[in-house]
Amino acid sequence: MIKQKQKISILAYSFLLPALAMILIFKLYPIILVTKESLFKVSYLSGTKVFVGINNYMDLFCDSSFWNSVWVTLKLNLLINPVQLVIAIIMGMLININHKGKMIYRFLFFIPLGVSLAVTTIYWSIIFRPGNGVMNYLLNGLGFPTQPFFNSASQAMWIIIGIASWKGCSFWMLFVLAGLKNIPKEIYEAAEVEGVGSLSSFIFITLPMLSKTLLFILVSDICANFMLFIPIFMITHGGPDSSTNVLMYQAYRTSMINGDMGHGMAMIVSLMILLSIVIAAQFKLFKDNE
Amino acid sequence: MNRKHNKRNIVIYHLLSILFSLIFVLPILWALIASFRPEINIFQGISPLSFKVLSFFPFTLDNYIGVFKNEVFSKALLNTFFVATTTVIIGVIINAFAGFSFATMDFYGKKVLFSIVVASFLVPGDLLVIPTYNLIDSMGLIDTKIALILPLLGNGMVIFMFIQFFSQIPKALSEAAVIDGASYRQILIIIYAPLTIPTIIGASLIMFLAQWEAFLWPLVVSRSINNGMIQLALSTFTQQYGTLWGLKLAASSLLCFIPLIILMPLQKYYISSIASSAIKG
């Protein structure tokens, strides 16, 4: 019997080994690697690595462009995540309603799932073209002046938010939909018998019953949007006036374009810490509310 | 009174749904239609806005022919299919085995090993692209297809999906088989494999889309056109003297419709597997 158990254990480990090895090497080891590399500096002259301790971090903390990137990352996330969450809830509720046309709407709401963020960015950059784009023509037709859109430091981030949300909301909608399907119908029926209105049944039944799903969406969405890169890389390059220069883009530019690995790695570590703090705060808030 | 109220709700429902639908469909539809027009007619009908904006005429297939003749794009398309298919095949197998092991077997250190999976779940994909680049560099794999495939093989979410699936199957089923003298391999092949097809389809779609949409990782790790990936190849149509919009829109449309054609008939598997990983998490 013991021998058989051992045999099963060996089998279990051999089943686990390939996948866990891949995760350990390519998902978890890079965390150690980035932390280690952030303590080194590559000398330009000899190309050798020199241990500099926390100097890379000290440089960043004295650099106003780093703090700008931190602020831009936080600001982007403060704006984009509530927007996406609310739209995802609305979309999920809409296609959860049993009504004529449901299948068509469902089909159309799923479309962005197949469209990559790069293609989304191309489409919306055409629509929001600063000079003669579609949006400007519509605005002119409605009597508004031509807008600079992503050539303007105050508007660029909103365009980025719009692009990322167009792609993102359908995805998060799937989770809302799954959460809604998990709420027993009897609760709504009982509420209806009691004469509870649809708005109060939404506030007092749907939202509390969805709270776990919503926390999951919010945390995953924050993780995704802290890494938001493609529209910034493709359209604004962090500008204008560094107004969309998120930490991820700044880290990419520092390490891959300027070849300054030490500072780039220190930025990634900072991003990691920032993200952990934000997510820990989310969980704490959620627990306190429960 | 109640009836009137209902009618108003239905109108709001349709208005909102149509609004969302239009926002989702119009850009894709416009790009698709415009991609069948010659370069000088791409932006026709935009200002002033007219029905011509959604007209196939003057009709041409030149953009699509041009896209496939473009070396960078056509190579990237083939590369992406190769890389994505390889990732799906190897990835589904190794993650399914890991999920099976977690769900059905007891072994020493299970909790610790499981926490590795959970931890990987919490690390967002693109966060560690730059240290992963250093890692791949130290392995001497920069600008290879292996470098594109390796980091996307182990997938915590897919393991989670398989754990969910395998733990739903009653243990009695495999216990009965063990009593009958079946080996674990036989149990896996005869009992579990047929039941697992929906999960395999869902996992395949997730892993395929991950490679299809890969951007930052190939941007960092690929150098030559021989290892180019599709999303980055779009930039080949933006050149120093301007953008070749016809080609760019044709390429973008292909990039939308290939995954949509794959995704649409299989959407229920995709949705249920995504949902299953969320509900327990």
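At 15% relative accessibility, A:Lys167 counts as buried, where buried means under 20% relative accessible area, exposed over 50%, and partly exposed in between, computed with a 1.4 Å probe on protein chains only. The model is a predicted one, in which local features need pLDDT of at least 70 and side-chain atom pairs count only at pLDDT 80 or more, whereas totals for chains, interfaces and linings use all residues. Residues are numbered from 1 along each chain as its sequence is written, chains are lettered from A and ligands numbered from 1 in the order in which they are written, and side-chain values use heavy atoms, with hydrogens and water left out.

The side chain of A:Lys167 meets that of B:Glu213 in a salt bridge with an N to O distance of 3.2 Å, a salt bridge being a side-chain nitrogen of Lys or Arg within 4 Å of a carboxyl oxygen of Asp or Glu. B:Glu213, at 23% relative accessibility, counts as partly exposed. A search of the whole structure finds five salt bridges over all chains. A:Lys167 lies in helix α7 (residues 156-181) of chain A and B:Glu213 in the loop between α10 (197-212) and α11 (216-221) of chain B, so the pair joins two chains. Helices (H or I, at least four residues) and strands (E, at least two) are DSSP runs, numbered from the N terminus. Between chain A and chain B the count is one salt bridge.

Across the interface of chain A and chain B, the rule finds eight residue pairs in polar contact, both residues being at pLDDT 80 or more; a polar contact is a pair of N or O atoms within 3.5 Å, of which, within protein, one must be able to donate a hydrogen and the other to accept it, and residues adjacent in sequence count only if both atoms are side-chain atoms. Helix α1 (residues 2-37) of chain A gives the most to the side of chain A that touches chain B, with 23 residues. By class, that side of chain A has 66 nonpolar, seven polar and six charged residues, where Ala, Val, Leu, Ile, Met, Phe, Trp, Tyr, Cys and Pro count as nonpolar, Asp, Glu, Lys and Arg as charged, and the others, Gly among them, as polar.

In terms of contact (heavy atoms within 4.5 Å), 79 residues of chain A meet 86 residues of chain B. The area buried between chain A and chain B is about 7500 Å², with carbon and sulfur atoms giving 82% of it; buried area is the accessible area (1.4 Å probe) that two parts lose on being put together, summed over both. A:Phe15, A:Phe26 and A:Tyr123 supply 10% of the area that chain A buries against chain B, more than any other three residues.

Chain A contains 12 helices and two strands, which follow the pattern α-β-β-α-α-α-α-α-α-α-α-α-α-α along the sequence. The radius of gyration of chain A is 24 Å, well over the 19 Å that the globule rule gives for 290 residues, so chain A is more spread out than a compact globule; the radius is taken over C-alpha atoms, and the rule is 2.2 Å times the number of residues to the power 0.38. Along the principal axes, the C-alpha atoms of chain A fill a box of roughly 80 × 75 × 35 Å. Buried residues make up 52% of the 290 residues in chain A, and among contacts in this chain between residues at least 6 apart in sequence, 65% join residues at least 24 apart.

A:Thr73, in helix α3 (residues 64-96), is buried, with a relative accessible area of 1%, and, not counting residues up to four places away in sequence, A:Thr73 touches A:Phe226, A:Val246, A:Leu247 and A:Leu271. A:Phe40, in strand β1 (residues 40-42), counts as partly exposed at 22% relative accessibility. Leaving aside neighbours within four places in sequence, the residues in contact with A:Phe40 include A:Lys49, A:Phe51 and A:Gly262.

Further salt bridges lie within single chains. The side chains of A:Lys284 and A:Asp288 meet in one at 3.1 Å, N to O; both residues lie in helix α12 (residues 261-289) of chain A, four residues apart, about one turn of the helix. A:Lys284 counts as exposed at 52% relative accessibility, as does A:Asp288 at 53%. In chain B, B:Asp106 forms a salt bridge with B:Lys110, the closest N and O atoms being 3.8 Å apart, and B:Lys110 counts as partly exposed at 23% relative accessibility.
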